[in-house]
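Let's walk through this one together, starting with the overall layout and then zooming in on a single helix and the core. Keep the structure open as you read.

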Amino acid sequence: MLLRAVLAAAAALVAAVAAQEARCGRQAGNIACANSQCCSYLGATNGFAATSLVGQALTAVDPRCGRQGGGAVCPKGLCCSSLGGASGGGSNARCGPQGGNASCGNGLCCSFLGFCGQTEVHCGLQCQLLFGRCGLGPLPPPAPVGSFPTPDPAKAARYITGCNKGGVFALTFDDGPSVNIGLILDILKRNNIKATFFINGKNRGDLNVAKDKANLKRAFDEGHQIGSHTLSHIDISTTNETLLFPQMKVNDDLIKAVIGKRPVYMRPPFGSVNQRALTALGTWGYKVIGWNLDSKDFEHIGKPDFIQLGEDNYQADLLRISAVLPKTSLMTLQHDYVPEDSQAGGWVQHVIDKFKNLGYKFVTAGECLGDSPANWYRD
Ligand SMILES: [Zn+2]
């Protein structure tokens, strides 16, 4: 795919610049990490998880550890199983194609390495939804084929990562409503800026809970755009339509119960999407939104150099997309669970000040695409 080739070339450039956290894997055009480093499930060479990519082919490796692995210690954050594999903890039961197509029981997730468990490695990016739970929340029941419009390749959505006009900056916040959304809404209000929130009905927040409903209502009432981020933050590239449809439909129902409308805009969790999902989502009327600027705020929680780390990631992305400031439009990714009042000060206010001074106009995702507000929602 052309997009992949372009991303791979760009990611190689980024890797050279940001040696500490070079991008890799599916988020970076399927490039492999250098120097035997591991590619994390978030697509950074921080040695967190255990994916290795050779060319275009995904080769999942489970680094050996413990007695079976010559006494080796697992990479950061991983547990050494009784089988001597650094699979991120869990039950050691096998699942998925690696485990004779077995499913995990007891609400466990099937990792991309084919192990059942419930850590973020099991339940996050590349979690195999066909063989267990994925994400933090419970899964809605599958929708039988015939109960939703049959995906039509002619209606496939495009994965949008930038805006249609120059000089605009779209602040977007994923994974909420969660702990920090009130503070973010205060900052946006103070600066008279409209942003976009991609919402999970059941993830860090829960749209059956009054507090989370109130925060979502406030975001909508204050003029921010509301999009969907699936119900329970699943990797939509590892599923099928009977499981994806209820993830969208149930999330839309929960959002509609609060704001009176269903969002048309959606963002795939982890930015992970494939042609099958794009075809289904396009057929069902969704616009699929990515980003072109990512501070990776969630990796910097609690670090004293939070602002500088975010700046470094921004610089790498700006280089990757050959941005000309303030001409190049920017679609950014933030998370509303990342503390804004961290030791390092406020990242969101920092971004607003910096890019306002550069001459950017802050807009919602819809405005960034030149799309009339009438098209942002449906009944
Ligand atoms: Zn997310």
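Helices here are DSSP runs of H or I with at least four residues, strands are E runs of at least two, and both are numbered from the N terminus. Counted that way, the chain has nine helices and 16 strands. Bear in mind that you're looking at a predicted model.

Now for the packing. Of the 379 residues in the chain, 51% are buried. If you take the contacts between residues at least 6 apart in sequence, 66% of them join residues at least 24 apart.

Let's pick out helix H6, which spans residues 275–283. Which of its residues are buried? They are Ala 277, Leu 278, Ala 280 and Leu 281. These four sit on the same side of H6, because the arc they cover around the axis is only 165°. After H6 comes Gly 285, with a positive phi near 90°.

Leu 281 turns up again in the largest nonpolar core, which has 74 residues. Along with Phe 169, Ala 170, Val 288 and Cys 368, Leu 281 touches the most other members. The biggest contribution to this core comes from H5, with seven residues.

Finally, have a look at Phe 169. Setting aside neighbours within four places in sequence, Phe 169 contacts Leu 330, Phe 355, Tyr 360, Lys 361, Phe 362 and Val 363.

Definitions and conventions: Residues numbered from 1 in each chain as written. Predicted model: local features only at pLDDT ≥ 70, side-chain atom pairs only at ≥ 80, totals over all residues. Buried ≥ 20, exposed ≤ 12 C-beta atoms within 10 Å, placed from the backbone. Arc of directions from axis to C-beta. Contact = placed C-beta atoms within 7 Å. Core = buried A, V, L, I, M, F, W, Y, C linked by C-beta atoms within 7 Å.
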